[in-house]
Amino acid sequence: MPELPEVEVTIKELKPKLVGRSITRIDVRNPRLRFPIPSEIQEIAGASVESLERRAKYIYMRTDHGTAVVHLGMTGHLSVVPPEKEIGKHDHWDMLLSDGNILRYNDVRRFGALLWTKGDPAELAPLRDLGPEPLSDAFNPEYLEKALAKRVLAIKCALMDNRIVVGVGNIYANESLFRAGIDPRRESGSITAEECGRLVAVIKDVISEAIESGGSTIKDFYTPDGEPGYFAQKLEVYGRTGEPCVKCGTPIEAVRLGQRSTFFCPKCQK
Ligand SMILES: [Zn+2]
């Protein structure tokens, strides 16, 4: 699943190919994504692309007609392709660009989204309740302590809850808790102020490192240029069941938490 760093990488690679171009037309071949693509998306025809920005795992494509909001879901992929490129079975929409190329959206599992608004995209229903960005100053130890105190769920599930902090997907939650030495199964309300401090610091590190290295190489993620991400090479606990802990040598254990694979060292994580 594309996580926050992969979305960041996608934006970085698409920016020079989209900003300053205009969109001559949109062809929606299959509107049945996670939310149906609204028919108002046709208002984008003739618009020029002003910027690409990220909020959580949503991509804002701001134009002079309004903002298109893209979510990659589980398997979504955006790329700019030449006009002669054959349309594949899972290529659900195309935006035709003024330079003749096509912005194409491919999504095998169709959990992604394409929304449209003339107002503030942060007011759209799926974005309204999002918590702070992990790399922003708003995500700090005092904030996290307050946010966790109100919840009765495992700390790992809390970190993956977009209303608490956005963009901490399964891989990054596993890696952050390992680095912070915190057992992922602990109840969120039991996390101390000192531990919140550690968690905030490692989450910022893990996310920044993943962005720098181009995202993780999990399943279907490739950058728009067809390069796999590289963070997988640095994973210390994710997917390492039975292998020795990099800190103490104890075999890594796995459990399911909130239906997601969870990996931890029973000795280092308390
Ligand atoms: Zn260990």
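These are my notebook entries on a predicted model.

**Ground rules.** I number residues from 1 along each chain as its sequence is written. Because the model is predicted, I take local features at pLDDT of at least 70 and side-chain atom pairs at pLDDT 80 or more, while totals for chains, interfaces and linings use all residues.

**Domains.** I looked up the division of the chain and found domain 1 (4-127) and domain 2 (141-264). The bounds come from an automatic or database domain assignment. I noted 28 Å between the C-alpha centres of domain 1 and domain 2.

**Core.** I then went to the largest nonpolar core, which has 67 residues. A nonpolar core here is a set of buried Ala, Val, Leu, Ile, Met, Phe, Trp, Tyr and Cys residues joined through C-beta atoms within 7 Å. Buried means 20 or more other C-beta atoms within 10 Å of the residue's own, exposed means 12 or fewer, and partly exposed is in between, with C-beta atoms placed from the backbone. Ile 59, Val 70, Leu 114, Leu 159 and Val 237 touch the most other members. Helix α5 (residues 193-212) is the biggest contributor, giving seven residues. Both domain 1 (4-127) and domain 2 (141-264) supply residues, so the core lies between them.

I listed the contacts of Val 70, leaving out neighbours within four places in sequence: Tyr 58, Ile 59, Met 61, Leu 78, Ala 113 and Leu 114. Contact means that two C-beta atoms, placed from the backbone, lie within 7 Å.

**Open sheet.** I traced four strands in the order β2-β3-β4-β8, with antiparallel pairing. Strands (E, at least two residues) and helices (H or I, at least four) are DSSP runs numbered from the N terminus, and two strands pair if DSSP finds at least two bridges between them. β2 (49-55) and β8 (113-117) are at the edges with a single partner strand each, so one side of each has no neighbour in the sheet. Neighbouring strands are turned by 20° against each other on average, direction ignored.

β2 and strand β3 (residues 58-63) are joined by six bridges; Val 49 has Thr 63 as its bridge partner in β3. Helix α1 (residues 4-18) packs on the sheet and touches β2 and β3, its direction making about 175° with that of β2. Axes are lines fitted to C-alpha atoms, for helices over the stretch in contact, and angles run from 0 to 180 degrees between N-to-C directions.

In the loop between β2 and β3 I found Ala 56. Its phi is near 55°, positive in a residue other than glycine. Ala 56 counts as buried, with 20 C-beta neighbours inside 10 Å.

Strand β9 (residues 253-257) and strand β10 (residues 260-264) run antiparallel, joined by five bridges. Gln 259 is in the loop between β9 and β10 and has a positive phi of about 65° although it is not a glycine. Gln 259 is exposed, with 6 other C-beta atoms within 10 Å.

**Pro 134.** I placed Pro 134 in the loop between β8 and α2 (141-149). Pro 134 counts as buried, with 22 C-beta neighbours inside 10 Å. Beyond four places in sequence, Pro 134 touches residues including Phe 139, Val 165, Ile 203 and Ile 207.

**Helix pair.** I checked α2 against α5: the two pack at an angle of about 115°, with axes 8 Å apart. Pro 141, Leu 144 and Glu 145 in α2 meet residues of α5, among them Ala 193 and Cys 196.
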